[in-house]
Amino acid sequence: MHLAYPAVLAVLLFCTGLYGVLARRNAILVLMSVELMLNAVNLNLVAFDVWLRDALHGGQALTLFTIAIAAAEIGIGLAIVLAVYRNRGSSDIDRLRDTAETDDAETLPEDADADADRDTTVDQATAPAGKAKKAEATA
């Protein structure tokens, strides 16, 4: 068998995985695409090991290490995705960018005169509602 057949197949698998990583918004599909890319690399390692007729079978040994690392990566990745899904209700990657919580101290106006012009009775009335919403969001 020629080396070109598994190499072309590996290129197709890698390009499909790369498209999946760049185009998908679902975190689980992105993880599956990363696994597809790693499998393309494994196919190349084994194909070149057979083609070079390595006595130590270094490509196959490296493939076993890659498979072990990929299994650990998928386990940790799925645990993170499930934790995010439980907290947010979605595994959409675009929504993960909004994970930082803003503090009230960070949104204070720069001008000291703006504090004097503000009506404090409205702020005191809405403060418990704001704290309740923040507690629900973090729970």
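Predicted model: local features only at pLDDT ≥ 70, side-chain atom pairs only at ≥ 80, totals over all residues.

Visitor: What kind of aromatic pair do Phe48 and Trp51 form?

Guide: The count comes to 1 aromatic pair. The ring centres of Phe48 and Trp51 are 6.2 Å apart, with 85° between the planes. Planes over 60 degrees apart get their own label, so this pair is edge-to-face.

Visitor: Is Phe48 buried, exposed or partly exposed?

Guide: Buried would need under 20% relative accessible area, and exposed over 50%. Phe48 comes out at 37%, so call it partly exposed.

Visitor: Which residues does Ser33 contact, leaving aside its neighbours within four places in sequence?

Guide: Ser33 is another residue of helix α2. Its relative accessible area is 9%, so it's buried. With those neighbours set aside, its contacts are Gly17, Gly20 and Val21.

Visitor: How far apart are the end C-alpha atoms of helix α1?

Guide: Helix α1 (residues 4-23) has 20 residues, and at 1.5 Å a residue it should span 28 Å. The model agrees, as the end C-alpha atoms are 28 Å apart.

Visitor: What arc do the buried residues of α1 cover around the axis?

Guide: Those residues are Pro6, Ala10, Gly17 and Gly20. They lie on the same side of α1, because their arc around the axis is only 85°.

Visitor: And which residues are exposed on the other side of α1?

Guide: The buried residues of α1 have α2 among what covers them. Over on the other side, the exposed ones are Leu12, Tyr19 and Leu22.

Technical notes. Residues numbered from 1 in each chain as written. Heavy atoms only, no water. Phe/Tyr/Trp six-rings, centres within 6.5 Å; stacked < 30°, edge-to-face > 60°. Buried < 20%, exposed > 50% of the residue type's maximum accessible area, 1.4 Å probe, protein only. Helix = DSSP H or I, 4+ residues; strand = E, 2+ residues; numbered from the N terminus. Contact = heavy atoms within 4.5 Å. Expected span 1.5 Å × (residues − 1). Arc of directions from axis to C-beta.
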